[in-house]
Amino acid sequence: MFMTVKYLIGSVGPSGFGSKSTAEEVTEACTHISSITAIITGATSGIGAETARILAKRGARLILPVRSLTSAEEMKARILSECSGSDIIILPLDLSSLVSVQSFVSRFLSLGLPLNLLINNAGKFPDRHAVSEDGIEMTFATNYLGHFLLTKLLLEKMAETAKESGIEGRIVNVSSTVHSWFTGDGIQYLDQITHKKISYDPTKAYSFSKLANVLHAKALSERIKEMKAHITANCVNPGVVRTQLTRDREGLMTDLMFFISSKFIKTIPQAAATACYVAVHPAVTGVSGKYFSDCNELMPSNLASNSEEALRLWNFSDKLIAEKAKIGDKSFV
């Protein structure tokens with residue numbers, strides 16, 4: 001009850017920020033942003049769009065991977081109308097396709113740009129079963145596995161940039177509080193829903209993908225330590241917010257859910273605050289492998305805190321992309 005009251009009134013935590021803080025507020029004192037290059041997935045709408053707007057306003061160069069070039073150009077125009085000097089580069093990317101991820105990385109690396117910040121924000125919450133072109137359940141493929149491969153292929157560039165610039169590289173995975181809704185054996189569950197061995201529950205599939213995001217940040221943090229790279233990896237919960245993520249699920253039940261939880265729903269600027277805080281705030285320097293909510297560190301679910309489960313999912317993912325993308329094992333160490 002106490003935590004609920006704190007959330008509703010926007011009481012600040014140890015960071016000095018809370019549930020009512022906005023992305024603009026948490027980045028106000030971050031003067032170094034003008035020297036960074038950031039990749040933000042899912043930046044054409046919702047939380048990603050607000051994150052992109054704020055970082056551009058603070059002077060960051062943005063690389064926006066997108067499925068829809070039309071939506072991206074519209075987003076770019078909106079940012080430039082507010083921040084006329086912004087440097088924004090748009091590149092095609094379909095996160096559900098491992099080939100597309102590889103193509104995006106090749107295009108980005110060919111630009112010869114540094115990379116200080118990677119925000120894995122894009123997400124999908126479909127209402128029906130689908131399988132990606134790689135034969136993987138679509139929610140898992142888009143929300144987690146595409147980001148896993150993207151991060152894997154960009155990590156060397158990030159380590160190189162951090163060493164040359166002296167600026168700490170940061171990787172931020174955007175998860176959700178619903179990661180705690182999933183229990184059981186995730187890898188077995190993925191096999192079952194991919195091959196239709198059990199009935200498909202969209203919410204459970206989504207919660208598993210969000211759990212995978214948390215476990216990814218945890219395992220990635222350990223790999224970065226082994227590399228001795230000047231990079232951190234963390235995961236954030238943006239809170240309850242109504243964005244285009246639910247575009248495939250409009251209807252009576254969705255509307256009812258948001259009506260019931262209306263007192264807990266954040267505005268998009270508030271929902272983008274935690275990702276922006278973890279991405280650029282100096283108070284998070286050196287912090288890695290953690291989970292943040294309302295701009296403060298929080299313990300995730302027991303399953304999400306399990307180091308063995310994080311390693312198990314990591315190894316499974318490595319094997320899966322080696323098989324599906326045929327890229328072999330690009331080791332971090």
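**Cavities, sheet and salt bridges in a predicted model**

Two cavities of 30 Å³ or more are found when the whole structure is searched. The structure described here is a predicted model. The largest cavity has a volume of about 50 Å³. Its lining consists of Phe182, Gly184, Gly186, Ile187, Phe208, Leu211, Leu215, Leu303, Glu309 and Leu313. By residue type, the lining of the largest cavity contains seven nonpolar residues, two polar residues and one charged residue.

Three helices each contribute at least two residues to the lining of the largest cavity: helix H7 (186-194), helix H8 (202-227) and helix H12 (307-324). The largest share comes from H8, which supplies three residues of this lining.

The strands were examined next. Eight strands form an open sheet with mixed pairing, in the order E3-E2-E1-E4-E5-E6-E7-E8. Strand E3 (88-92) and strand E8 (296-297) lie at the edges of this sheet, and each of the two pairs on one side only. Further inside the order, strand E6 (residues 231-237) is joined to strand E7 (residues 291-293) by parallel pairing over three bridges. In this part of the sheet, Asn237 is placed opposite Ser293 of E7.

Val66 belongs to strand E2 (residues 61-66). The relative accessible area of Val66 is 4%; this value is under 20%, and Val66 is therefore classed as buried. Leaving aside residues up to four places away in sequence, Val66 touches Thr44, Ala72, Ile90, Leu91, Pro92 and Leu93. Val66 and Asp94 are separated by 28 residues in sequence, while their C-alpha atoms are 6.9 Å apart in space.

Charged side chains were treated separately. Side chains of opposite charge can pair when their charged atoms come close. Across the whole structure, the search gives 15 salt bridges. One of them joins the side chains of Glu82 and Arg53, with an N to O distance of 2.8 Å. This pair connects distant parts of the chain, since Glu82 is in helix H4 (residues 69-82) and Arg53 is in helix H3 (residues 46-57), 29 residues apart. Glu82 has a relative accessible area of 41%; that figure falls between 20% and 50%, so Glu82 counts as partly exposed. Glu82 and Arg53 also take part in a network of salt bridges that links them with Glu24, Glu50 and Lys57.

Two further salt bridges illustrate other surroundings. The side chains of Arg170 and Glu168 meet at 2.9 Å, N to O, and both of these residues are buried. In the salt bridge between Lys197 and Asp191, the closest N and O atoms are 2.6 Å apart. Lys197 has a relative accessible area of 54%, and because this is over 50%, Lys197 is classed as exposed. Asp191, with a relative accessible area of 29%, is partly exposed.

Definitions and conventions:
Residues numbered from 1 in each chain as written. Predicted model: local features only at pLDDT ≥ 70, side-chain atom pairs only at ≥ 80, totals over all residues. Heavy atoms only, no water. Salt bridge = Lys/Arg side-chain N within 4 Å of Asp/Glu carboxyl O. Helix = DSSP H or I, 4+ residues; strand = E, 2+ residues; numbered from the N terminus. Buried < 20%, exposed > 50% of the residue type's maximum accessible area, 1.4 Å probe, protein only. 1 Å grid on protein atoms, 1.4 Å probe; cavity = no way out; pocket = protein on both sides within 12 Å on 5 of 7 lines; lining within 4 Å. Points joined across faces, edges and corners; volume = space filled by probe spheres on them. Nonpolar A, V, L, I, M, F, W, Y, C, P; charged D, E, K, R; others polar. Pairing = 2+ DSSP bridges. Contact = heavy atoms within 4.5 Å.
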